[in-house]
Amino acid sequence: KKLGLEVKDFNATVKQELEATLNEKTKVPTEKYLQPVTTSQEIGWMHLEYAHQFKERKAHGIKNNAITKFAESYVIDMG
C-alpha cells in the first residue's frame with residue numbers, strides 16, 4: 001500500500017511538471033521576457049503600444065492576371 005501511494009504522488013508531480021513545461025513553451029517572447037532577447041525581436045516588441053500611431057493599411061488582394069486566371073480555371077476543371 002505504501003508503494004502505491006508513492007507512485008500516485010510521483011505521477012501527480014510528473015503531471016504538474018509536464019503542464020508547467022507545456023504552459024511555458026506556448027508563451028510568446030513578450031510573455032517570457034521583460035525585454036527583447038534578440039535584435040530581431042526589437043522590431044515588434046512594443047507593437048501594441050505604438051499601433052495607434054500608424055494609419056490603417058488597405059489590404060490588396062491578389063489581382064487577376066493571365067496566370068492566376070489560368071490556375072483558377074485549371075483547379076476548377078481538374079476538381
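Lysine 27 is partly exposed, because its relative accessibility of 34% lies between the 20% limit for buried residues and the 50% limit for exposed ones. Its side chain meets that of glutamate 24 in a salt bridge, with 3.5 Å from N to O. The model described here is a predicted one.

**The salt bridge**
- Side chains of opposite charge can pair when their charged atoms come close.
- Glutamate 24, the partner of lysine 27, also counts as partly exposed, since its relative accessibility is 37%.
- The count of salt bridges comes to 1.

**Overall architecture**
- The chain contains 5 helices and 0 strands.
- Read from the N terminus, the order of elements is α-α-α-α-α.

**Burial and surface**
- Of the 79 residues in the chain, 1% are buried.
- The chain exposes about 8300 Å², and carbon and sulfur atoms supply 59% of that area.
- A nonpolar patch on the surface is formed by Phe70, Tyr74, Val75 and Met78. Together these residues have about 490 Å² of accessible area.
- Phenylalanine 70, a member of this patch, lies in helix 5. Phenylalanine 70 is exposed because its relative accessible area is 56%, and the cut-off for exposed is over 50%.
- An α-helix has 3.6 residues a turn, so residues three or four places apart point the same way.

**Helix 5 and its ends**
- Helix 5 covers residues 66–78 and is hardly covered by the rest of the chain, as the count of buried residues among its 13 residues is 0.
- After helix 5 comes glycine 79, which has a positive phi, near 85°.

**Confidence of the prediction**
- The average pLDDT of the chain is 79, and 77% of the residues score at least 70.
- Among the elements of the chain, helix 2 (residues 29–32) has the highest mean pLDDT, at 88. Helix 4 (residues 47–50) has the lowest, at 72.

Technical notes
Residues are numbered from 1 along each chain as its sequence is written. This is a predicted model: local features need pLDDT of at least 70, side-chain atom pairs count only at pLDDT 80 or more; totals for chains, interfaces and linings use all residues. Side-chain values use heavy atoms; hydrogens and water are left out. Helices (H or I, at least four residues) and strands (E, at least two) are DSSP runs, numbered from the N terminus. Buried means under 20% relative accessible area, exposed over 50%, partly exposed in between (1.4 Å probe, protein chains only). Accessible areas come from the Shrake-Rupley method with a 1.4 Å probe; for residues, only the protein chains shown count as cover. Patches are made of residues with over 30% relative accessible area and no salt bridge: like charges are joined within 9 Å, nonpolar side chains (Val, Leu, Ile, Met, Phe, Trp, Tyr) within 5 Å. A salt bridge is a side-chain nitrogen of Lys or Arg within 4 Å of a carboxyl oxygen of Asp or Glu. pLDDT is the predictor's confidence in each residue, from 0 to 100.
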